[in-house]
Amino acid sequence: MATDYEFEGWMGEDESSAEGNMVWQKYEPKTWEETDVDIRITHCGICGSDMHVLRSEWRQAPYPVVVGHEIVGVGGLGHFAVLFAKALGADDIVGISRRASKKQEALDLGCTDYIATADDEGWETKNARRLDLIICTVSSAKMPFAGYIGLLRLDGTLVQVGLPEGELPFRPGVLTGARRRIAGSGIGSPSEIREMLQLAVDKDVKPWVEERPMSDANQALVDFEAGKPRFRYVLTN
């Protein structure tokens, strides 16, 4: 398929691009195939996966590389988990983060309680065997993974959605003692995505986003890494 326009975007040329050093330039897209869809991009979300790719943390990036979640950004995964848990009728929704600074926002989203792992002394003991299900969206290997597992009650499940670049050490005993499980999920099937979007319509689920101009992409990366978005940056053309 021939086009009468050129492709342009923010290019990461090396690992330092994740520090706000991307370059705007033209690029040659992949060879067109009949299964591809040609669309005009108006919004692009910033996700933790973009940072991993720019830094070559999962694998060596094929620099120069264009990152971004095209169409409408579905990120800030933790806040989506809270919104959908509320829409599904969960009666005990516990937000978990490092610092207490996000507590009020978590409660405003729909959480009924909040755990700050860096600020709440004894949080593992106080909340041991409390939860049936944990959806973990953390993308850092520095998270207290074993502590999270200890929050699960008998037959509880932790679903890992975030993709840390390193290993997650824990002792098997934290699983076997209470028949706990660890599962993983990347993306749902087309039918599950349709079901999710229909639920969002039926229950009026609306994400918390901050729109920023596409020209502000480099600063948005810096602010994203500093933990400033509440809860999702979306770049607009």
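A salt bridge (a side-chain nitrogen of Lys or Arg within 4 Å of a carboxyl oxygen of Asp or Glu) joins the side chains of glutamate 105 and arginine 230, with an N to O distance of 2.7 Å. Because glutamate 105 lies in helix α3 and arginine 230 in the loop between α8 (217-225) and β11 (232-236), this pair ties together parts that are 125 residues apart in sequence. Helices (H or I, at least four residues) and strands (E, at least two) are DSSP runs, numbered from the N terminus. The structure is a predicted model, in which local features need pLDDT of at least 70 and side-chain atom pairs count only at pLDDT 80 or more, while totals for chains, interfaces and linings use all residues. Residues are numbered from 1 along each chain as its sequence is written, and side-chain values use heavy atoms, with hydrogens and water left out.

Glutamate 105 is partly exposed, at 23% relative accessibility, and arginine 230 is also partly exposed, at 22%. Here buried means under 20% relative accessible area, exposed over 50%, and partly exposed in between (1.4 Å probe, protein chains only). Arginine 230 is joined to phenylalanine 231 by a cis peptide bond, with omega about -5°. Phenylalanine 231 is found in the loop between α8 and β11.

The structure holds 13 salt bridges. Aspartate 132 pairs with arginine 153, and the closest N and O atoms of this salt bridge are 3.4 Å apart. Aspartate 132 belongs to strand β7 and arginine 153 to strand β8 (residues 152-160), so the bridge ties together parts that are 21 residues apart in sequence. Arginine 153 has a relative accessibility of 33% and counts as partly exposed. A further salt bridge connects the side chains of aspartate 155 and arginine 179 (2.8 Å, N to O). Since aspartate 155 lies in strand β8 and arginine 179 in the loop between α6 (173-176) and β9 (181-184), the pair ties together parts that are 24 residues apart in sequence. Aspartate 155 is partly exposed, with a relative accessible area of 31%.

Arginine 130 is placed in the loop between α4 (123-126) and β7 (131-136). Its C-alpha atom is separated by 5.6 Å from that of arginine 153, which is 23 residues away along the chain. With neighbours within four places in sequence left aside, arginine 130 is in contact (heavy atoms within 4.5 Å) with Asp92, Val94, Asp113, Leu151 and Arg153. The side chain of arginine 130 also makes a polar contact of 2.7 Å with the side chain of asparagine 127. A polar contact is a pair of N or O atoms within 3.5 Å; within protein, one must be able to donate a hydrogen and the other to accept it, and residues adjacent in sequence count only if both atoms are side-chain atoms. Arginine 129 lies in the loop between α4 and β7 and has a positive phi, near 55°, in a residue other than glycine. At a relative accessible area of 47%, arginine 129 is partly exposed.

The largest nonpolar core comprises 16 residues, and Val82, Phe84, Ile93, Leu109, Cys111 and Val205 have the most contacts inside it. A nonpolar core is a set of buried Ala, Val, Leu, Ile, Met, Phe, Trp, Tyr and Cys residues joined through side-chain atoms within 4.5 Å. At least two residues of this core come from each of α2 (77-87), α3 (103-109), β6 (113-116) and α7 (190-203). The greatest contribution is that of α2, with six residues. Another core, of 15 residues, lies apart from it and includes Cys44, Ile46, Leu221 and Leu235. Leucine 109 is in contact with His79, Val82, Leu83, Lys86, Trp208 and Phe231, neighbours within four places in sequence being left aside.

Proline 64 lies in the loop between α1 (48-54) and β4 (65-66). Serine 56 is placed in the loop between α1 and β4 and has a positive phi of about 55°, although it is not a glycine. Serine 56 counts as buried, at 14% relative accessibility.
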